[in-house]
Amino acid sequence: MCHAFNYTIGDIYARFKRMKGFNVLYPMGYDSFGLPAENAAIKAGTHPKVYTDSAIANFKVQQRALGLSYDWSRVVSTCEPDYYRWNQYFFLKFFESGLVFRKAASVNWCPKCATVLANEQVHEGRCWRHKDRDVEQRNLEQWFIKTTKYAQELLDCVDGLDWPERIKLMQKNWIGRSEGVTLRFDVVDDSGVVVDGVETFTTRVDTVYGITYLVLAAEHPKVLEYVKGTELEAGVLAFVEGVKGQSTIERTAEGREKSGMFLGRYFINPFTGEQCPLWVADYALYEYGTGAVMAVPAHDQRDFEFAGKYGLPMRVVIVPEGETFDTDTLEAAYADDGVMVDSGVFNGLNNQDAKEAIADLAEEQGWGWRTINFKLRDWLVSRQRYWGTPIPMVHCQSCGVVPVPVEELPVLLPDNVSFGGGNPLENNPDFVNTNCPKCNGPARRETDTMDTFFDSSWYYLRYCDSQNSAAPFAPEKTAYWMPVDQYIGGAEHATMHLIYARFFTKALRDLGYLDFDEPFTRLFNQGMIHGEDGFVMSKSRGNIIEPRAIFKRYGIDATRFFLVSLAAPNKDMIWSSDAIEGSKRFINKVIRYFETVETGVSNPMVESKLNAAIRDVTEDIAGFKYNFALRRIRELFDALTPVENRATLESFLKLLHPFCPHITEEFWERLGNKDFLSISSWPSCDEEKIDPRFELVEELVDQVRQDIRQIRDIVKEEPETIKIYIAQAWKYMVYEKALLGSKNLISEVMADPDVRRAGKAAAKFAQSLMKRHFLKPILPQIDEKTALTDSVKLIEDEFTCGVEIMFAEESRSEKAARAEPGRPGIELS
RNA sequence: GCGGGGGUAGCCAAGUCCGGUCAAAGGCGCUAGAUUCAGAGUCUAGUCUCAUAGGAGUCCGAGGGUUCGAAUCCCUUCCCCCGCACCA
């Protein structure tokens, strides 16, 4: 149902924009490579290609059934050579420009997927697909894409995007820029001889006088180098292996105890000249910064805990104004701002100023340099799996890694493979064995395939020119259509697809393929549909709502209507089998109405409502407030009478059409139209026809009827006659003056002879109005009379009794005397 | 811990930016009446409490405050959801 929801949101928007006269590119494509398909195929004992094709066919049936107005001529499927050859093409282009490289690194490995993962695909230390399985670290040589080259630009452009703030924030956090200083320390041996140097990145250079030790990450190559041949070697080696053997989740678990070992070396803090010990610790991350952390236990909680555990010294160098700290009684690190102490020439400065001054000093002395660090890592794109784009590279014994020439693309994914014994490509000699493009000697094909996020990073460009067999797309076509004006997707893409696609756009721009910076101008984040139990729909929970069963039972239009009527589409919502009945009911009412309505002349009240609805619905759809739009449409529908003019009926159908394309198209035709409603033009609002007095009339009549009911219920007697007294003419004069807000209301109104004739009652009424802080707008006396006279039949029918409407002047009744503008006197008898 | 979003009547959900027409839209559920042999469906009304004349009281997580007036503005506090998280 989640897919249906997402598609419906997009289709409504596309239909709306189309009717508004835009040339809308609204395509569909299938991100059909990938592990889920491969695994499902293996499980089902079939080939991924067969499995994928049937899944797509199935999808298409559902999508067509949903009435989605896709341009099917542009459909793409990423597992087709027509598509993935261009993945290979871009891979080679990136390789040429240095954006693709190969390196050995400690990488994320998901045992369930049996492949490596990019950083973005590890969530809370687990594979994004397998929340129940920890990701392991393995040292492997892999293909990477240099996304970090664009880290700064990716960050800078976030602010200019018309995206939900939370997604923008997630991107910023993910890119994770931090400004600091890289410091270089001399490393000395036991006897104080300088033997090496080590670099460390810090954002808190103001705390350098508080450094008491330094830790290296377990993976840091210097760890083993320093202990080699010493009595510490065995212990440290065991420690390092132990750390590496832990899963990411174990290593980063909250509140876990930190541990480490001394490395037998020291370093000199150039600021103090002090010699402090060098440690290896599990809390230092090799991938971030330089993989080494200067430790300031007094001002960093992690260092504080570590120092406490191993009895390492602590030195306070920042205190809150006017306070002192005693290291013996300090219960936690002090990480806030304050005044510098025990920091040589910087004493007395506030620490923020000191940060700059110390950085200046470090740079002057050559001890370090200002550095900007990003959390974003390069994108690990190779996967040890079959169902993906083959990486177009060849390993030659003599030439090394050689790219496949562009003319030889695509490197086809072989069909004939067997599963079960590792990567099927590796075990396929026909695929693996090849000749080196350079020396023509024997060579092996790269057997890794690409992360499927590579496929999805540029598909929107392919939509512009999906049949092009000579190029990924023609530049003039992308120039016409792109960037995407409106993108719709879930928040789960925030730090994966949306990062990669943005990177791709920038990289392709710099390679000369595109002339814009960002792929998706506006992003709308749809909410999630939860099962009736309130949980996310999942097969394992058994709370899935099968779209086809729903379509069958309620029909497509009712389903579409329901999906966007409950809540704003950007909010999560809980599926409700009851509530969809309400949508179905409405659709049935619309159908019945259009089956019986006669065309004729509409009344001005309906015209007024129609135009107000056009105005509001247009605005609501444009702002994705579909639930509001539907509420307006319902209200408008309630106002329609058995005879309406054709234009009114057509406008109503137009407003409803994006939501319910089928029934509206049907009745559009029955009204005598030859062309499709879906390509007709969106109605425009005629402000002239909107008269707020109609609302007052409705309110007045409703109010009177409600009052009658209430009185009847209180006296518990069915009335025989109902007398309704329209307030005295002079009360309207007074009320209108009061609405204008005069200060001397009483004397002002008493100047009017008609009012004065009412005597004390007039003064009293004026006074009571002045006491009210808010006055409702009212109708003129005569309009009230007309409105109520028009409603006599209605009231008579409801209460099955006679109804008399008269002016209060015509009666001496006490009820007549209390009549007010907007609130006629009522007498039941 | 940091950041973001929320808490509105039996349920879902508007309203909050720009305070008053807010006992608070709409939908669902429920109740009553009409239609019907009956049910379904449809239509009408009601659905916080009290009330023998259209009224009164209480209410928008909790507690304070500003204001003639607060669901709406300010402060404090509790709870829920989401993202990031040993990032130096």
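Hi everyone, let's start at the RNA. Of the 53 residues around RNA strand B, those that come nearest are L169, R256, K258, R302 and R585, where near means that a heavy atom of the residue lies within 4 Å of the strand. Before I go on, this is a predicted model, so local features need pLDDT of at least 70 and side-chain atom pairs count only at pLDDT 80 or more, while totals for chains, interfaces and linings use all residues. Residues are numbered from 1 along each chain as its sequence is written, chains are lettered from A and ligands numbered from 1 in the order in which they are written, and side-chain values use heavy atoms, with hydrogens and water left out.

Among the atoms of RNA strand B within 4 Å of the protein, 57% belong to sugar or phosphate, and the rest belong to bases. By class, the protein surface near RNA strand B has 22 charged, 21 nonpolar and ten polar residues. Here Asp, Glu, Lys and Arg count as charged, Ala, Val, Leu, Ile, Met, Phe, Trp, Tyr, Cys and Pro as nonpolar, and the others, Gly among them, as polar.

What do the bases meet? A polar side-chain atom of K258 lies 2.2 Å from a base oxygen of RNA strand B. Helices (H or I, at least four residues) and strands (E, at least two) are DSSP runs, numbered from the N terminus. Which element gives the largest share of the surface near RNA strand B? That is α24, with seven residues.

Now the domains, whose bounds come from an automatic or database domain assignment. Chain A is given domain 1 (84-150 + 379-452), domain 2 (178-373), domain 3 (599-693) and domain 4 (696-828). The centres of domain 1 and domain 2, taken over C-alpha atoms, are 38 Å apart. Their contact (heavy atoms within 4.5 Å) takes eight residues from domain 1 and five residues from domain 2.

Two residues deserve a look. E141 sits in strand β7 (residues 136-145) and is partly exposed at 44% relative accessibility; buried means under 20% relative accessible area, exposed over 50%, and partly exposed in between (1.4 Å probe, protein chains only). The side chains of E141 and R102 are joined by a polar contact of 2.8 Å, that is, a pair of N or O atoms within 3.5 Å; within protein, one must be able to donate a hydrogen and the other to accept it, and residues adjacent in sequence count only if both atoms are side-chain atoms. R560, in helix α18 (residues 556-563), is buried at 0% relative accessibility, and its side chain reaches the backbone oxygen of G67 at 3.4 Å.

Last, the cysteines. How many disulfides are there? With a disulfide taken as a pair of cysteine sulfur atoms within 2.5 Å, the count is zero. C399, partly exposed at 27%, has its nearest cysteine sulfur, that of C439, 3.6 Å away. C436 is buried at 1% relative accessibility, and its sulfur is 3.6 Å from the closest cysteine sulfur, in C396, so it is too far for a bond. Thanks, everyone!
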